Every structure is written in C-alpha cells, then in structure tokens.
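Reader: I am new to this structure and would like to get to know it. Could we go through it together?

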Amino acid sequence: MRLSHGGTIDRSKPINFTFDGQSYQGYAGDTLASALLANGVKLVGRSFKYHRPRGILSAGSEEPNALVELRMGARREPNTRATMVELYDGLVAHSQNRFPSLRHDLLSINSKLSPFFAAGFYYKTFMWPASFWEKLYEPLIRKAAGLGRNAGLADADTYETGHLFCDVLVIGAGEAGVKAAYEAAISGARVILCDEQAPSDAVDMPSVKYLPRTTVFGVYDGGTYGAVERVADHLAVPAAHQPRQRYWRIVAKRSVLATGAIERPLVFTNNDLPGVMLAGAVETYITRYAVAPGGRAVLFINHDGAVSALAAMGHSVMAVAAVVDARAESSPVIREIAAAFSIPVFSGAVIQRARGRLAVESVEVLTRDGGVVRFDCDVVAMSGGWNPALHLTSHLDDKPVWNDAIAAFVPDGLPPGMTAVGAAAGEAINLNIVPLWSVPGADAKAFVDFQNDVTAADIRLAKQEGFIAVEHLKRYTTLGMATDQGKTANVNGLALMAMATGKTVPQTGTTRFRPPYTPVALGALAGPHRGKSFKPTRLTPTHEWAKSLGAVFVETGLWLRAQYFPKMGEDWLAATNREVLAVRQRVGICDVTTLGKIDIQGPDAAKFLECVYTNSWTNLAVGRARYGVMLREDGFVMDDGTTARISEQHYVMTTTTANAGKVFQHLEFCHQWLWPEMDVRLISITDQWAQIALAGPHARDVLQKIVDKTFDVSNAAFGYMAAGEVTICGGTPARLFRLSFSGELAYEIAVPARFGGALAAALMKAGEEFGIVPYGTEALGVMRIEKGHPAGNELNGQTSAHDLGFGKLLSKKKDFIGRAMAARPALMDQARPNLVGLKPVNEADRLRGGAHLLAHDAQPVAANDQGHVTSAAYSPTFGHSIGLALLKQGAARHGEIIRVYDPIRNGDFLAEVVNPVFYDAQGSRLHA
Amino acid sequence: MRIVCPHCGERGLQEFLYHGDATVTRPRDGGAEPTPEWTDYVYFRENPNGTHVELWYHNAGCHAWLVVTRNLRNHLITAVETAHDVALGRSS
Ligand SMILES: [Zn+2]
C-alpha cells in the first residue's frame, strides 16, 4: 500500500508497468519491488526446487526470491532482481518458474515430494540407471528446475569497456562511504565513488567522480577492480549511441570498502512465505519508497538493530501486532519504542511457524513459558542480525574472522590498499545480539537458502551423512551456490552446521567469496568485441582495388584477402582454375602483403640469422635472397620464409602470414635474452610495405615496363633469388625480389603501403598486352601444392625438418635454435610420417585433406594408420586431384600404391605416392 | 595484474604475454648433441611456492622482454628489469 506522504519517490511522475500481463502504476524512484508492494502484489515467483510461493525478502542486491524475467523479445532477461530494477514507463516483467500460472503452479507438487529433493538429491536420486540421465532425469530437471528463460536471440544492445584511474576508490555511497569520499577529496586525492543503487541526492561532491548504478564486483591483482555500470538498465531502451552497460577496470592506489551490511533472516517453519521480510527491508520500503508492505506486522528479532524498523512501522499506517524478541531480556531501547506505539513485547519468545497459503496470514509464537500464541498478520519483519558485506575483502584469498561480540564475520586480512569502514567493518551493528540460528522445531520447511531451497533439515541431513566440512556442506546441499551466492544464507547455514556438530562457528570455518559480487552479464565483459568486432579486421593495401574487380574475400587470421576473382558465371573452382592456368601460361599478380616482414639491421645481423635459421647465412651476398627454415628450441619446425640481403648490414626477412607476430616475438626473445651482446636491431615492417607477386612466363616482360630504365632486370643481371632496391613507375622506391612460390618465373615487388593499390593497377595495365590476370589465395594455394611447398597444414608444430624434406638445411657447423633437440634420434627417424605427393590412381577420385593413409591391402583400423593427407586441390595443370601428405617412411615409398581412406566423406580409393614437387621438379621455369 | 615496464610505466596485464621461467639458461655447448642439459633447459620447470623469476613480453607496448620477479602465491611483483639488461649482466 502506498503511503500518502514521505519517501524519495516523485509522486508527480506516475509510471505504468505490467507484471504477468496485469497493468499497475508506480512512481519515478520506485523499484519494481516497491511498486509491486505498493500495489499489494506479494506473490512474485516460485522457488527453485519445490515451486513454493515466494515474495520479496529484501530491498537490495541480496534478493534471493523476487527474480523476474524483465523486458520482451531480444531484450528479455531472466533472473533480474525486482529489488534492483528501477521502474520505467512501459516496463514489462513476468514471474518465473511456474506453470501454468503463478497462483496455480502444477509443479508445486515438488513440495510434497520434498524428501526426494533434500540435500544431495542430485547425487542420490539420479544415480541409477545411468541411461536414465540423458533420457529422463536431465530433461525433467531442466524443465522443472530452470529459472528464467533465455531470450534466445542476439542481444539487441551494445556494451562498452574502459579503464579508470584514481587515488581512492570508495565502494558504497552510504553514510560511511560518502564521508570517506569527502575526506579523500578534500585532501586532494582523485576519488571515484561507486554505488550499486540509483543516483542519490546525498552525494553532492563535484570533485568526486560519482558512478551510481555501478557495482564493484571483483578485486584483482595490482589494485585493479572490476565494476559494471548499468548505464541504461533503468530505461526501456538505451538512449541513442549509449551502451546498455559499461564494464570498468578501475585502477586505484587505495580503496575504501563502505558496502554496509546484509541482514540475516531467522530460520523458522514457513519463513519463506510471501510477506515474511527482512526488517531492514520493511523499513526501507516505508522510508524510501513510501510503501507499507502490509497492514499488520509482527517483528521478530534477537538484537537492537531493528529498533529503527520498529519506529518506521510505528510511524506509518502499519499496525504492529507484537515484537517477538528471542532474547530473555529485551533491551530498554526496544521496550521504549514499542511502548510508545503500544506494541506488546514478548521477550524470550520465538516465532515457531508462519501460516498461510500464498502469503503469510498468521504466526504462531512460542512464548517464554512454553505457551503458543497466534497473531494474525500479513507481514513478518525479521532480523537475525547483520553480516558485514565483506565479500570483496576475500577476493584475493584473505579470510574473514568471526567476531563473537557481534556474532558476525568481520574483515581480517584485506587486499593491498583496502580499508573497511562502517557496517562493512562490523561497526555499530548487532548491538546486544543473542545469536538465534534456528528456532526449536525448525524443519524441512524452515529455509536457510531461499534461492536454492536449502532448509535447516537439509543441513542436519548433510551432517548426518558426513558432509561436515564447509566446502562439502556447500556442495552437498548447494547452500550459497545460487545466483545470490548465499548473501542472506551462508552465515545461518554455517552456524547451523556448527550447532549440529557441537562446534563454534570459527571452528566450522567459512567458504571464501569469489568474484563476481553480483551476476555480471557476459555482454558487459565482452564489450564491443562481438560478432565481426570480436577481433580487428586487417585489410591489405590492395583491398579496394581487388574489391573493384569483384574479388571474393576470405579471412586468413585477422586479414581479409582476395580469394578469387570470378568472372561472370564462374564459381570458385572455375575462377581458380582459370587463374592458375593464366599464371602458368601467361602472367598474373597476387597480393602477398600479409606475409610477415621483419627488417633486420646491424653489424651482427648475419650472425643473428645464423642463430635463428637452421641453414647458413654468412655467405649470402648482398643483392641475394635465400630460403630459410626456423625451428623451435624443442626441434620442431616453427616457420619458413625467405630473407634478402639488401646491403652489408641490412636484411629483410619474410615469415608466413600466420606466424608473423610469433616469429617477431621469437626474434626479439633471441636478441634480447639469448644473445644480448649482438649488435642488431629488429622492426616489423609488415604494415609499412605492400608486396605483390608477379608470376608467369611473361613476368619479366611486365616488370620491365614498370621498373625504371636505370635498373637492369634481365635474367643475366637479376637472376633467380636476386634482391635489391629499385625505383618503379618513374621514381617510386621499391624493393624487388626474384622469388617464386608458384614455380613460374616470378618476382615480388614491395612498395610503401600507400602505393599498394596503385602498383596493382600499374601492373594490370602493363600486363594487359600479355593477358595478365589477378589471382587470389585459392590459385596461390593450388600452385604451391603443385610445387610441393609446405605451408600451414604441413608446418603444424608437430613436424620436424626431416619430415618436411628440409634435413639438408640443418647445418652441422653451427649452433642454432632447435639444433640440439632436433638431433634426437626419434625426430630424425625415417619411419616418422614425412612429406610426399599423392596422385589418385583413378583420376576421377578426389583427394581431401584429413583422409587417412593405409597400405593398399590393410584393414581400415587405427593400428594400420600410416599418415594423412595434409593439403589437397584440383590441379588444372594436370587435370586431376593432387595432394600433399605426411606418410610413414614416405620419402622411400615413391611409386607405391596406397589406400586413401576417408569414411566420414565416403572416400576409399587407391593413390600413388609421388614426389611432392608435381610441377617442374627440375626448377627450370624459375630460372627462365 | 599490473606490470611496471621500465620503458612504458605501469600497464595492465592485457598488454603482456607470459613466457615462463627466467632461471633456466640455454646451454652454451653449441647444441651438437641433445644432452640432458638441453632436455632440462627445454622441458623442466620449477613451480615454486613463493617467489619466481619469469619472462614476460610487452606485446602491446615496447616489445621489450622483461624479467619479472613475482610471488606465485599472491601475484605481488617485486622487481621488473629488461631482459636485455639482465642478460648482459649474466654474460659479463
Ligand atoms: Zn614496455
């Protein structure tokens, strides 16, 4: 019921919303919970296991019961806490975990079956037979026990992430937090004040960065705090260009924990009925939201703290039938306030049972003298004391310590730089408390963990069955394992176990809290990194040029590369075949910018190359390039590529596209850590230079048209593996390498990246008279298979130099990375699978990567496996499928017929083992 | 976690790549034979309960390799030096 005055709600701003299809009205400043209570709605959800009717327990983020589905469609969000949902116009919420309706839930039959669902039910009930799990139990449990429903659609909103830095981070904008922030700010410190609640007028400090609706959910190493700012959760839809939430990494030199305390329920039978609430919550609803949660209340306490709740109820229109104080003697402060409102106080008494069907209707009070008195009421305000909200203090592994005087855990060790203040530090709470962990006769309907439906009886059962250690208790009963992480449950549960085992709470111990303090949406952690933005996309310098020619692109790592250039009516295969044949017969160009390029300079550059490559480098002349293989220190091949000597102390290395970053990091490691005395410098120039391959019998004809006349690029002057600096197109600086991946007469031309597109266009124009074509990664791949070059599929981290036919590149005269381990006998064993070519006996058969290789007469069982196809393609040059494979003793088996077995794709045929170099094995075309 | 790079100052963990133990030393015998020293260097690592000296790479920064002294129990970092300086000191 809404009170006529008071509260911080804005009565001039009514707000319409619906719950389970029914329309209601609240005010600006309400939460969904306060607005529901104002409208007399007490039944809000059904419980997890037993489908018992549940209402609103708390007024904060600790709420275990009032979980609702919020919003519709793609924005539908399950398990939102009604106590934390700020009301906005048009809000739509639905109750969860009920069928067909909240009032008539058929699954509440679970309540009658409660013995089956008691502690450990997951482990016991569903033990046998195993096959029942998949078919019966799991679908049943999922249907019956799931809470809200996932939207099932992509999140319609966007999220941001960011860093913040400050001297002092204050967590919690209550009285203690505001005071701490103020004092830090006037000392000149940069202060951030975070609070999980809506903005408060009480915070008015311009020099403090105030982040309301922001939950600090985790403490991490080095003074780093994780926080989620709910930028637009209080709106129907985020404002234009605004994210739904922001995930902040806050780096703070110091922090002040001012998170207050969380009230403990009292454990009595049917303490989960709607209307049974925390006393502090009742007070908050009255004073902050101007809502009386009912007409007639009973207050059940064991300490003095609820005196303000008593006063708030007394001052409101609510009647208070009785104060039930479990202490033998109630404090004068309780007596005085009760007397002021003519409320009877029953000291040494407990509520032993609440009664009601869908909400509390009455309570039975066991009085000091053993009598039972019944009071009609629609609210039970209970307070078993308060627990400091010290969760963040244990995120770096510190454990809280038990304080007997206030019967609560208080912070002990703190994360570096953190100070706890106010109620979070255990200050001024639980005055004159006499702990009451459960009332006599609390049974299987006396709830400890409301969200996971764990009762006092479950904890006794866990003890009986030997699950006494707190970590066992937790997992066996699922105490504290729901989305609320047991904020209202854990201490009661521990204390009940202590009672059952005859130990103290400190002897029983506590589990440690882990991040996050409250649930965090994965979307917030991901921020903008989703879909195509999961990782950046790198475009080559010729991207626009390729696009204008209708190229189809393919992702290779972060890069987007032209895959093929289809002409009208061509599919990928037709386009690829045409491109391959054009290069073989005429000439083509292909962007190879994505290959890693590393500039290496210094007096010791050659010496350095000797260390990182397996083969020899000191004898490479200026103006020449050489193929090299790199190993990892464990002896396996890491990468390959060519390196050219531009001048006496200047080399340019290329790596594979995939390993560009890894190789650079590796070279820096070798230089900075292994050979620091070498005078050499490295820099990645992959992004600075565009590089285009020009390949085919007419390559030189085209090249001569763009290279400036002062440079002689004839075969005699610029032979195979030559390299040098030239100018092209009338003065544009370029680097020219006579390298071939295709097996044809070929060059690679590098220009500053900004000229990449222009170079491609110039080459196309110069090559027009020779029938030049652009070719993509598909044709590139076909030609490298035809030429037997190992690439990513063969350089898979499990192949040795010998496996790939590079054995002769392992120098015997020098140390190099991987030399020692590559010399292990097992890595040089010819019986290891090594590189071969494959050609189907029946040319119509198609080789596929991943197909297994068997002796031609062997049974297809794993024991007979002799290797697999690593790369395969249709070769338009030969008119049939070809493949590269790793085959046991392959090098010695050329000419043998083997069985290619690929049951998944119905492949089972014979192929001939051949030299992996299918095309121009003598290499005469390279030297043309 | 935050690492104070000698070149770039205090930066977040996301900028760094972890490599591993900095206490193992590459054998200087030229590597002609896969001796037990090489096996130790390549494969065997201590996992100390406490202070560890390890190599990190400032990947999204200055590309320096760093020698970081870190307590494996609480992640507290007590020293950061450039690997280059440490390596020069080691070889002299
Ligand atoms: Zn750095």
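This is a predicted model: local features need pLDDT of at least 70, side-chain atom pairs count only at pLDDT 80 or more; totals for chains, interfaces and linings use all residues.

Reader: Which strands do A:E229 and A:R246 link?
Author: Their side chains meet in a salt bridge, with N to O at 3.2 Å. The two residues are 17 apart along chain A, so the pair links distant parts of the chain. The strands are β12 (residues 224-229) for A:E229 and β13 for A:R246.

Reader: How many residues apart are A:E160 and A:R246?
Author: These side chains also form a salt bridge, at 2.7 Å from N to O. A:E160 lies in strand β8 and A:R246 in strand β13, and the pair links distant parts of the chain. Their separation is 86 residues.

Reader: Is A:D304 buried or exposed?
Author: A:D304 forms a salt bridge with A:R327, the closest N and O atoms being 2.8 Å apart. A:R327 has a relative accessibility of 2% and counts as buried. A:D304 stands at 8%, which is under the 20% limit, so A:D304 is buried.

Reader: What is the geometry at the site of the zinc ion?
Author: The zinc ion is coordinated by B:C5 (SG), B:C8 (SG), B:H58 (ND1) and B:C62 (SG), at 2.1 to 2.3 Å. Four donors count as tetrahedral if all angles lie between 85 and 135 degrees. Here the angles are 104 to 118°, so the site is tetrahedral.

Conventions: Residues are numbered from 1 along each chain as its sequence is written. Chains are lettered from A and ligands numbered from 1 in the order in which they are written. Side-chain values use heavy atoms; hydrogens and water are left out. Donors are N, O and S atoms within 2.8 Å of the metal (3.2 Å for Na, K and Ca); water is not among the atoms, so sites may look incomplete. Four donors count as tetrahedral if all angles lie between 85 and 135 degrees; four count as square planar and six as octahedral if opposite donors are over 155 degrees apart and all others between 65 and 115; anything else is irregular. A salt bridge is a side-chain nitrogen of Lys or Arg within 4 Å of a carboxyl oxygen of Asp or Glu. Helices (H or I, at least four residues) and strands (E, at least two) are DSSP runs, numbered from the N terminus. Buried means under 20% relative accessible area, exposed over 50%, partly exposed in between (1.4 Å probe, protein chains only).
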